[in-house]
Structures are given as structure tokens and as C-alpha cells.
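These are my notebook entries on a structure that I looked up.

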Amino acid sequence: MLLIRCPYCEEERPELEFRNAGEAHIARSANMAGESDDDFEKFFFIRSNPKGIIYERWRHIHGCARFFNAVRDTVTDKFVMTYKAGEPKPAKLPGASK
Amino acid sequence: MAKAAAAKAAAKTSASAASAERRPAQAGRSVSAKNVRVEVLPPAERMSLRAPEASVAALSKALGLTLPKSPKSSAVKAGRTALWLGPDEWFVIDEAGKDLLADCAKVSALHSAVGISHRNVAFTVAGPAAAAAINAGCPQDLSLEAFPVGAASRTILGKCEIVLLRTAADAFRVECWRSFSDYVFTFLSEAASDAAA
Amino acid sequence: MSGAFRIPSAGRLSQAKTARFSFDGQSYTGIEGDTLASALLANGVHLVGRSFKYHRPRGFLSAGAEEPNALVEVKRDDARKAPNIRATVQELYDGLVAQSQNRWPSLAFDVGAVNDIASPLFSAGFYYKTFMWPKAAWKSLYEPKIRAAAGLGVSPDKPDPDHYSSRYAHCDVLVLGGGAAGIAAALAAAETGARVILADEQADFGGSLRFETGAKIDGQDGYAWAQGAIAKLKAMDNVRVLSRTTAFGYYAQNFVGLVERVSDHLQSPGHDLPRERLWQVRAKRVVLATGSIERHMVFADNDRPGIMLASAARIFLNHYGVAVGKNVGVYTANDSAYAAAIDLKKAGVNIAAIVDLRDHPTGPVIDEARALGIEVNFGRAVIRAGGKLRVTSMTVQPKNGGGERTIPVDAILMSAGWTPSVHLFSQSRGKVAFNDETKRFVPGIYAQDCVSVGACNGTDGLAASIDEAYAAGAKAAKDAGAKTAKGTKPKVDASESWSRGMLGAAPGAGPDKTVKAFVDFQNDVTAKDIRQAVHEGMRSIEHVKRFTTNGMATDQGKTSNMHGLAIAAETLGKPIPEVGLTTFRAPYTPVTFGAIVSHSRGPLFDPTRKTAIHPWAEAQGAVFEDVGQWKRAWYFPRGSEDMHAAVDRECVAVRTNAGLFDASTLGKIEVVGPDAAKFMELLYTNPWEKLEPGRCRYGIMLREDGFIYDDGVVGRLAPDRFHVTTTTGGAPRVMNHMEDYLQTEFPHLNVWLTSITEQWAVIAVQGPKSRDIIAPLVEGIDMSDQALPHMSVREGKICGVPTRLFRMSFTGERGFEVNVPADYGQAVWEALWAEGQKHGAAAYGTEAMHVLRAEKGYIIVGQDTDGTVTPNDAGLDWAVGKKKADFVGIRGLTRPDLVAKGRKQLVGLKTKDPKVVLEEGAQIVADPKQAIPMKMIGHVTSSYWSQNCGRSIALGLVAGGRDRMGETLYVPMPNGVIEVEVAGMVFFDETGGRLNG
């Protein structure tokens, strides 16, 4: 069971309290009704599924109930960092040398 | 139409003062093991309070206690406890039967107050093995360093969500939704006998 | 008397406390503190099992958890019989009943042993090659036969009456292994005040100090020091000491699974005690002090009962006071076996000879052995063991060939050296490194916050181990945030030294030989099998492992992996590290399902949710159905009524008079805030801004892809307050869906959501007389049609308690849903029931509810929809706000596929024979005479007998359904084709007049 740092509770909490909510930073268009088929396809169906660093959403559903964002390495399954919903994608990751 | 009028009349005349009997879930249940006792707590007034930062002062004033702003914390005053559950969410319990919603109704600052007195059932888990009993199904660190007296958190117990409040070094209040209360009591009973061993 | 092989002067057990036990029906006496193994050996019993494949007689190889052979069934009663219990781990209690496995009709005469004679047939890969043809026979013939013949032990066929418990624990330093190194690390960490957990799989702490008679620490005998140190640790508040506790799995972020065997060693465990306790420990730092495991010598017939590891014989002697034989031979490539010979010799056991494969070993143990008059042979090999059910001799030959000499023995002790136990380190995703000099894999690159100390780290010698462990314990505590240690490091006054050893097959079991020299005892893998695997093309050790099954038994190759690897490397002509070590996987030793399940069984398997009104329904004899975790009243049979009769009666009562229905399980969410209506506009297809307070609307919620996600009636209580209802099963996910959008897409809206599902008990009162039933109990609400029309909501009182009274209907009749605070639910229900009795009302369950709503063509999300149905498909286009600029799903609805012609649409289906009730899920075709496979154009989603309509009714999703009104379609069933006519979805009161009374 992983420990995940909740940016709202400001501490690491057991994975059981959390739920994954898919890839992060996929914004819903302000003009949803006007989206082209291609744009809608990208928005709704296409996900990156990278090997390595992934940006994803988690919800501390059995804790503070907030959604937040996390950076996780899909190879090591280690969380690199977490940050609050609405905050931009971090420009630089802690400990990243590459 | 005549029928409707009759109904209207009936509504006016037969308004009975007779109150329906309250039947709290798990009423009277308790279990004692060597070092821990689990007991259902009497009904209490409960409210889910949601508000932005700017409204906290006004709400604190109306409620007569300072709403806590730190994660995993609570505030107690005169039978009233406010638990921080999230950055804009408090769970307020009044054990003296005072009307929490009425207090908040006076506040014009932005907020949402919803009555949940009947939604939850509360248990007390007390004794030297209280933390061990809860740790049978709760994955959080319940040492006094990590979860001191007054610490409060929504979390997990077995297969169920609970709100956990440490009321003393060796006592906790466990709140769960009404329909989960049988599960929670049964779980805590089993856990209590194991924690005592 | 506790056995002829018990040596009263040896061991630490008190002879006074005897324990009787039986093995294969024979009664024996042992001593309290014995393991089943030591007690049997004390009675001269070596033969305890038959091997997996060849059914060869087997005895004890070891004295611990690594035991591959001595697996027995321990039986307390018919339900409590545990197979595959290692006799070397099972502690003796008075009355213990054990029996051997994998033999028929008896252990001494086992018919299956024919496999041994026919063994040339059963070489590695035999099953893969032989049972290839005919393919169909695999499933029906070969596999069942092979499984019946193979298998280790028999599972009990009764429910397990024992209980199991679990505990989450957190600590600063978790020390795994309670030998000298583990104890030293725990002491150092504990002295800082850090929270420490020390676990060891044995009943007794001390590890190898239990048999190393040469160890002296702090002026005491090593074992005595260990017991003193454990007593000290146990007395500390910050330390938890767990014996009989195996760390079986090392998971991410220092999360370690331990199983504590709480009562398997007790004669009559108290009912309070669990059998086992699962510990899930989160440690800031982990100290691995898991020691090392002795390897056997690989030579012909090295599996005969009486042949065992030298260290095992020492434990049996020095701890349990048991001699493993009277005339013992020793075969070694390592010093540590000498110590065993010396201990036994001093205890009065004859040592027939020590056979040492090394040419010119020197050292104090060798000198001491010689001084004791033990015959020592260098540069020689044991090329064969004699005997069958028990070893009778060892045949010795110079290792480079020459004359053979057969020495009579009744036991052989062997040692090829020691393998560091890197299992948990490897499970932690650490990478092992091969030390070429010592020929050992030791911890290399760490992946987690842990450290290995002592023998498992390849550290030789007691003093070095304790130094390393003490420093590591202190550092681990410091790294976890504790202060510096205040204690003093244990001082080693004397210790034993063990030098290296060898890997792979010994002379006499080389590539030119076809003898059975076992590498893996539990899976019957010989040196020859491993060579054969390489010859047949296996290059990777992972392939060799799977082809031969070496290391794949329940002992996970604790004794066999290194030998197997060395033989494979030699055959491949490659250095060992290039061939690589197989991955160690959890569990380290087998874990019971009971421990993993722990509390989650019986009533705690899953929460069973019951409504506030449940006790009333139960008292009325209701039959319940499971809806998710909820128990819902399904129907209320009266007298001898069956379900059909009860449902018919309930349905008729509702439309004739009235019915009461417990709708408490419906999901309920209170949406509060100045932007509540804006939020509702975005989450539901319907318009909400103009809905007046006091009115209700049926809402549809879509996913972004345009498909129906949920539905429910929503009441506006105030401009800034909505009372939203959801489906019973959808409640949690709808809440999550709404929170998701609110928090991440529309965070600018000032609105909050609170689940009030369980705050309110909901009593639906439906039917022409519903108002007459409710009105007398209501206070402060005008119940007239003008004041309270269909789809409206009022707050007031009923029976003196607060209510949110909805006028709404899921039956098509005049109807109400009375919401009251849950604790009042039953009392209000009873009051309404009493009123209802005056008006001929019935209580109805979920089945009647389903029929009644289907008569009206009201859909149930999840039954009539399946995640691919749009509002238009379901005939609910009217509920989609055409003028809205945005709502979740708005774009999805215009996707090409969703607006294409010929989509499946929900329609009514009437069977030509009104008595025939369709099966839900049945497929629909246009032409029943077409060739199979037929083109299916839809399926039945809901189907019931409707007593009110006097016929069967059904809903179905049919391609282009609404354009097929009146068309005849066909439902092919096993008993024939059923003709149906496509119809509208409303079967009863098509104009809807009854809704308004």
C-alpha cells in the first residue's frame, strides 16, 4: 500500500483513503458545445499512458475529499510530488536531473 | 374537489402534537473487553458546514467556537466540537442538543450548512487498547505523536468510511453513516477483543 | 519418557513437562517446547513424508522455516486440519494429532513410489511433452488425473471455524529477524526512544545462538544473552516484540506484511484468541537481519531420511536435547559441520566419520574434532547414501576417483555452506550483487529505506555482525528522527567462525552420472534435471526454473536456488552472475487465506446496509433482495402467497387504494449555495434556473460522452438550495462525479454538496388514497392539489417531526414521498401504516415498484440503460434543455454515432400471447427464419407480468425502435420463438390523468 501526500492535509496518508481519477491537466473547453470532433476525441478519449512520469488526478475521497494532482513514475510506482487542483503543471520536478 | 377540501381541512384540524418515537440505530449497544470498551453514544446534533476562508470568522462567532484551520484538528467548547475535515469543510457536533443550523442561519456570509444529525451514528472506543482496536481496520498512525488528543480525520475502518476524533489519550469517537453502524460496531467489537488479548 | 533419542544433559527444555501426541495414528511422548520435528526425532522417527513427484521417502532436512520435506497435516478436528504444516515449525502441544501426506496406503509402503522406479519417464519437462495430444484430453483427462495424483496435502472441506485478526502498525524501526544481529539492532534503535518492532519467526529469539554453543556475549552464553536482551526490549514501552511472526512480504514505501501465529502452538486456544494475526506495518526504516540458510550437499540419494543439514542437528541437540542418530556421518565442504560433529560427540553420539570435500582445510574446529578422536577425511566425497526408508550407510570415494568405502551410519549431517537470506531485500526491489570471492549473492543496490545486517548481508562472524547491526540500528533510529543512542554495544567474548563452502553438484553427481542427487527436495528436482533443461535449450535461469520447477515449491528454493543456479551456470559454461538469480516473490513462507482475509468474513465480509424501516419490514415477513450493499424489501408475502401472488396483490392495491414503499435507499444530495442553480444547469441536461422554489423536476445526468449516467427527481427548497435524489446504486458515484466537476472544472461556483442519503428516511405513499393517508398526520402543509400539485415539495411536520414532503410519483398514481429524519423513519412509517389500514393500503416492495413503473414506461438507469443510451434513445429528449449553452454531455450528444439513424431506442414490447412473459436480456430479431448467427437488433431490458394490465409488459432497446411501432418482431428462445409487437412505452393510463388525482 502506497503512502500519498495529500497537499490539503499536508501529510502522507495511506493509499486506502485515496482514489485515482485519471490523467491530469486535460481541461474541459469553455466552449464545450462548439468543440470539433477531433478536439472532443482528444479531450475525452485520448490519454497519454506514458512509461515514466505521468501527471494524474487523485481524490482523497476518504480523507479531506479534495481532488488534487500528482506526478508519479509509472516505472517505479513512486510519487514524485503532489499539488493542489488548479495549480499549473510543475515546470521542474524535484530531484529531476534529466 | 370536495375531496381536496376535506384533505385541506384534515391537515388543519388533526395536526397532532404527538411526536413520533425516535429510534436511534444501535441504541444501547456496548461491548467490554479487557483493555477497551466500545459503546454507542446518544444522539447528537450534527451539521456539515462548508465555507470559504472569508466566512470562517463570522461562522466561528455564530457557533461560539473557533473553527479549526489546520488539517486533522478540531476545536471543542461547551459540548460543541468542530472537526476540520477538509480545507472548506467542518463537521460540527453539538452534544448539548443546541440547534447548530439555527446558529448558522443568522450568518449572512457565504456558507452551506446542512443538517446531518440523523445521518451519523457515533461510538466511543476507550481504554488503553483503544488505538489498537481501531488500528485493526484503520490504516492511519494513531500514536499520540501522529494523532494527538483533538486530532480528527475522515478515514477508513475495514470496508467502511468513518470520521475519527481522539477525545483523550486513550479514547476516540468514531462516527459513521447510519446504515454502516452495525458493521462498524461489529468490527470494533471483534477488534476490541483482539486488542485486549 | 520423551523418546529414546533424548539426551537429558543436552538442550534447554524441561524434561518435567511432557506432551503426548500422535503421528499417523501412533502415539508418542514429547516435551513442552518441542517442535513436532524434535519430538518425532526424539522418538527415532525420521520418515515423515513422501516426495511430490517420485513419492520418495523423506525425513527432516532442516530445523526451521526452510524445511522442504517434512510437510504434515495437523488436525484439531474435522474442520481444523491444516495441510502442509512444516513439522520443523509446528510447536508441540499435548494432544497434537499429525499425519503424513502424499502417500497411499501408508508412509512406509506407498504405491505412488512406482514413479521413482519409472523415473526415467518423469524427467524435467515430462508433463509438458507427454500430455500434448490429443489436445482435448488435457482438460478432461490428463489435468484432473495429474492434479489428483500430485498435489501436496488435502484442503479441509469444511468452513474454517478459527478466527483471524489484523492490525495496522507504525514504527520508526522495524527489525526483521531476532538473531544476534536483529537483537543488537533493536537494542540500539530502542535505546534512542524510537518506536521499534522486532519480529522473529521462531517461538524463541536468538536465531543461530540457539545452537552456536561457542558464542559468548557480554560474559554470558549467547542464547542466555539473547533472552536477557529480549526481556529488556519487552519491558520498554517503545518496543513491540513479536515472536512466531514471519515477515512474508515487503511492499512499497516500507510497508511490510507479517503473520503472527497466535495460537497454533496452544493445546486449547481460548475462544478470544485468533489463530493468526496479520500485521501490516509501515516503518520509517527497516533493518533486515534475516540471517542465512545452510545448504545441503548435492550427491546421490541425498534425500534419504536421516540426512540433514548440520545446523539442524545442532539445533535438535543443543536446543531440544535430541540426538538425530546414534552413529552419525558428516559430509561437508565447510567448517560449520565440524561444530555439529563436536557437539554430538561430546553428547555421547558416535561420529562415524567426517568427510570433507576440501583438500587441506585447517582451523580450530578441525583440530578439536581430531582431538576428540573423530575420523576426519579430506579431499573425499560421499558419492552415495545407502538405505531407503532411513539412511544406513554413506559410500566415500576420493573426490577425483578411486576406491570406494562404505561406512554404516544412521544419519548424515551435511553442509555445503551458507546462503544469505536476501528474500525480503529482493522483495523490496533491491538489487543483489554477486560476491565472486565468497560465491554469495548479497544486498547490492537498495530501493527502499532499509539496511541489511549480519549474515543476510554476507557479514561473517558474530562480532562483526553485532557491530554492524548495532550501528545500523542506531542509524536507522536517527534517520527516522530519533535521538542518539545512550546504550552500550553488546560485547562479543567468543564466537565460532564458519568459512565458505561450495555451490552445485558434488563429485559423484556430475554430468556423467544419472544418479538422483537432489537440488530441490520439495519439487523433486535433481542436478540431472537442471543440466537437461540447459541441454534442451533453456538459457535464462528463469526458463530453467520454470522447466524444472526448481525453487517453485512452497519453500521457494530456500535451500535449492544457489545449487540450481551453479549447476545451470556450469552447464552453460558461464559465470554465475551472468546467469542471474531468479526473483524472490512474496510470500516468504506460505500464508493462510484466513490471515489475509482476517476480519472480513461472515457479517464483516461486506457492510450490510439496512434502512431505518428495515425492522418493520422484517417483522412483517418481507422477503429482501440485495441492492448493492443494501437490503431492500422485495415483496411482502401474506399467508401462503408466493412472490407472484404477493407482487400482483401489491400492484393492484397501489392502483386501487394506496401502497407504502420504503424508498430510503435512494441517494440524496443537498446542493447549497448562491450558484446552486448554475451548478445544476451544468450537471444535468435540464434547465433549472427557472424552477421555482417548492417545485420539483425529473433530472437526467449525462457523462461527457452523452450517455445517461443517472436520473432522479430534484426539488428546489429555496433559491440557493436543492434536494437532489439519485438512484440507489448510483449514489456514491454521482456524488463523486458532481464533486469532480465542482472542484476541478467549475471551482468558481459558490456551491457545496452534502450527502444526505442517510439523514432522511423516505416513505413513498402512492395511490389514489395516498393523500387521505398522509393528510391527518401532516402539520403546516396545505395538501390540496392547488397548493401541492404533482412535482412539488414542502417543508413542514409529520407526526410532530420535520419532513420534506415531496409530491411525486414513480407509479403514475397520485403520490408522495415523505422524508423524515432517519431515526423517526420507523415511527412515521408505522403511523402512516395505521392510517393506511383505514384505506386498504398495502406495503409494497421493490418488485412491485419495478412493475408499477414499467406499466408507466418509467426507466430505471442501469436496467433499461447500459451506459450506451442517450436521452433520445430512451425517449427522454424532452428533458434536455435545448437552449442551454453548456452542460456535461452536451458535446457528446452531437457525436456522429449518437445522432446516426438506426440507433437502438427504448420501446414497449407486447407479446402476441399476453400470458407469455419475456425474459430480461433476451435478444430480438426481425426475421426468425434467417440463418444462425442471426442479426440481433435489440434486447429486452425490463419484463414483468402486469396484473393491472392483465397481460405481460416489457421494455426493450430496438434498433430504430420508434419507427417500428406496430411491427412484429421475434424473440428466439430455447423453447421456440416468441412473437412481440413493438408498442409505446406506456402500458397503463396513457394520458397520465391519475398523477394529478
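Predicted model: local features only at pLDDT ≥ 70, side-chain atom pairs only at ≥ 80, totals over all residues.

Entry 1, chain B. I looked up the domains, whose bounds come from an automatic or database domain assignment. Chain B is divided into domain 1 (28–43 + 118–197) and domain 2 (44–117). The C-alpha centres of domain 1 and domain 2 of chain B are 23 Å apart. I then listed contacts, where two residues are in contact if their C-beta atoms, placed from the backbone, lie within 7 Å. In chain B, 13 residues of domain 1 are in contact with 11 residues of domain 2. On the side of domain 1 of chain B that touches domain 2, the elements giving two or more residues are β8 (120–126), β9 (152–157) and β10 (160–168) of chain B. I take helices (H or I, at least four residues) and strands (E, at least two) as DSSP runs, numbered from the N terminus. β9(B) gives the most to that side of domain 1 of chain B, with 3 residues. By class, that side of domain 1 of chain B has 7 nonpolar, 4 polar and 2 charged residues. In this division Ala, Val, Leu, Ile, Met, Phe, Trp, Tyr, Cys and Pro count as nonpolar, Asp, Glu, Lys and Arg as charged, and the others, Gly among them, as polar.

Residues are numbered from 1 along each chain as its sequence is written, and chains are lettered from A and ligands numbered from 1 in the order in which they are written.

Entry 3, chains A and C. The contact takes 18 residues from chain A and 18 residues from chain C. Helix α1 (residues 37–44) of chain A gives the most to the side of chain A that touches chain C, with 3 residues. I find 12 nonpolar, 1 polar and 5 charged residues on that side of chain A.

I followed an open sheet of 3 strands in the order β11-β10-β29 (chain C), with antiparallel pairing. β11 (220–221) and β29 (492–494) of chain C stand at the edges with a single partner strand each, so one side of each has no neighbour in the sheet. Two strands pair if DSSP finds at least two bridges between them; β10 (residues 216–217) of chain C and β29(C) pair over 2 bridges. The bridge partner of I217(C) in β29(C) is V492(C).

Which residues have the most contacts inside the largest nonpolar core? I find A133(B), V184(B), A185(C), A189(C) and V828(C), in a core of 384 residues. Such a core is a set of buried Ala, Val, Leu, Ile, Met, Phe, Trp, Tyr and Cys residues joined through C-beta atoms within 7 Å. Helix α5 (residues 180–190) of chain C gives the most to this core, with 10 residues.

A residue is buried if 20 or more other C-beta atoms lie within 10 Å of its own, exposed if 12 or fewer, and partly exposed in between, with C-beta atoms placed from the backbone. A78(B) is exposed, with 11 other C-beta atoms within 10 Å, whereas R244(C), with 21, counts as buried.
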